[in-house]
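Please open the structure in a viewer and keep the sequence at hand.

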Amino acid sequence: MNAAEILLAEPRGFCAGVDRAIEIVERAIAKFGAPIYVRHEIVHNTYVVNDLKAKGAIFIEALEDVPPGATLVFSAHGVPKSVEREAEQRGFRVFDATCPLVSKVHVEVAKLHKEGYEFIMIGHKGHPEVEGTMGQLDGGIHLVEDVADVARVQPAQTGKLAVVTQTTLSVDDAAEISAAVKARFPNVREPKQQDICYATQNRQDAVKLLSREVDVVIVVGSPTSSNSNRLREVAIKLGTDAYMVDSADELQPEWIEGKARIGLTAGASAPDILVQQVIDRLRALGALSVRKLDGIEETVKFPLPKGLKLDQQGESQLGHMS
């Protein structure tokens, strides 16, 4: 490989919702002792999940796998109402790490449902966030994954119909599907603010800028991470080769062979340590310099749930990854 330059997208990596979710698990372990049970992967990243397992988190899918009296954390993706009710019935101490931007969608759904609305949800079937949002209601919420689905959807009434969106979708894809919904149901109520989260939007915008400057884009993220997958797709749509790696050792030398400029970014659930390891591997393969592109600086911070304050010693020992 010739002397290549690495260009870093800005922003990249952890968002405020992911930061908050991981800190909730770490604080719960510090305050109540291991094990702490977490329903579903706290965020979709292999490194993060393994790191928390090593600290004393146990990840489960079914609440029957949690012993009575245990402490339980809901993942950043949110949970259906049925899971909240079951956790309450089983008497767990619960901390909800649902991203506040996902909770905002849940609140909107509950409010409009009371006013008699049905919903069309744009999202990916089987994704925990979609299951959580759709599970806010017993019915009247219809999933569409693409424009073709919009033609097939059959709400019981169209007088009161609202659109909600999974927060980690491609901004462009969601806009295209949204336009199809609007064309079929002209009176549909759209969200006051776009549901797609600021961090997803910012990272996609940064990749659009990055893709124009480089010969190949490497996205750090796990295969299950919706927002990481979307970053790779955004680059490919712009005609730039793009690959996703869960860790540095997945990087294939032939991807970067003969490329003068290598773009690097990370999904909102990928910690910076993985980005640094990929940089180290690219340097080992011959890359000479690293340059950060200009981009939006994110200053959003979400408050933690009550009941997770530690004493001074606990606060100073809290080893939160970033």
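This is a predicted model: local features need pLDDT of at least 70, side-chain atom pairs count only at pLDDT 80 or more; totals for chains, interfaces and linings use all residues.

Display both side chains together. A search of the whole structure finds 2 aromatic pairs, and one of them is formed by Y243 and W255. The two rings are stacked, with 4.2 Å from centre to centre and 0 degrees between the planes. Since Y243 belongs to strand β10 and W255 to helix α10 (residues 253-256), the pair ties together parts that are 12 residues apart in sequence.

Five strands form an open sheet with parallel pairing, in the order β10-β9-β11-β1-β12. Strands β10 (241-245) and β12 (289-292) stand at the edges; each has a single partner strand, so one side of each is left without a neighbour in the sheet. From one strand to the next, the twist averages 25 degrees.

Now select β1 (residues 5-8) together with β12. These strands run parallel and are joined by 4 bridges. Within this pairing, L8 stands opposite K292 in β12.

Helix α9 (residues 226-237) lies across β9 (216-220), β10 and β11 (261-266), and runs at about 165 degrees to β10. Helix α11 (residues 272-284) lies across β1, β9, β10, β11 and β12, at about 165 degrees to β11.

Proceed to the largest nonpolar core. Which of its 31 residues touch the most other members? They are V25, I42, L52 and V73. Elements giving two or more residues to this core are α1 (16-32), β2 (36-39), α2 (46-55), β3 (57-60) and α4 (100-114). The largest share, 8 residues, comes from α1. Centre the view on V25: apart from neighbours within four places in sequence, V25 is in contact with V38, I42, L52, A57 and V73. A second, separate core has 21 residues, including I6, I256, L264 and L274.

The charged end of R93 sits over the ring of F32, 3.9 Å from the ring centre. For R189, the charged end sits over the ring of Y117, 5.9 Å from the centre of that ring.

Terms used: Residues are numbered from 1 along each chain as its sequence is written. Side-chain values use heavy atoms; hydrogens and water are left out. Two strands pair if DSSP finds at least two bridges between them. Axes are lines fitted to C-alpha atoms, for helices over the stretch in contact, and angles run from 0 to 180 degrees between N-to-C directions. Contact means heavy atoms within 4.5 Å. A nonpolar core is a set of buried Ala, Val, Leu, Ile, Met, Phe, Trp, Tyr and Cys residues joined through side-chain atoms within 4.5 Å. Buried means under 20% relative accessible area, exposed over 50%, partly exposed in between (1.4 Å probe, protein chains only). Rings of Phe, Tyr and Trp (its six-membered ring) pair if their centres lie within 6.5 Å; planes under 30 degrees apart count as stacked, over 60 as edge-to-face and the rest as tilted. A charge sits over a ring if NZ of Lys or CZ of Arg is within 6 Å of the ring centre and within 35 degrees of the ring normal.
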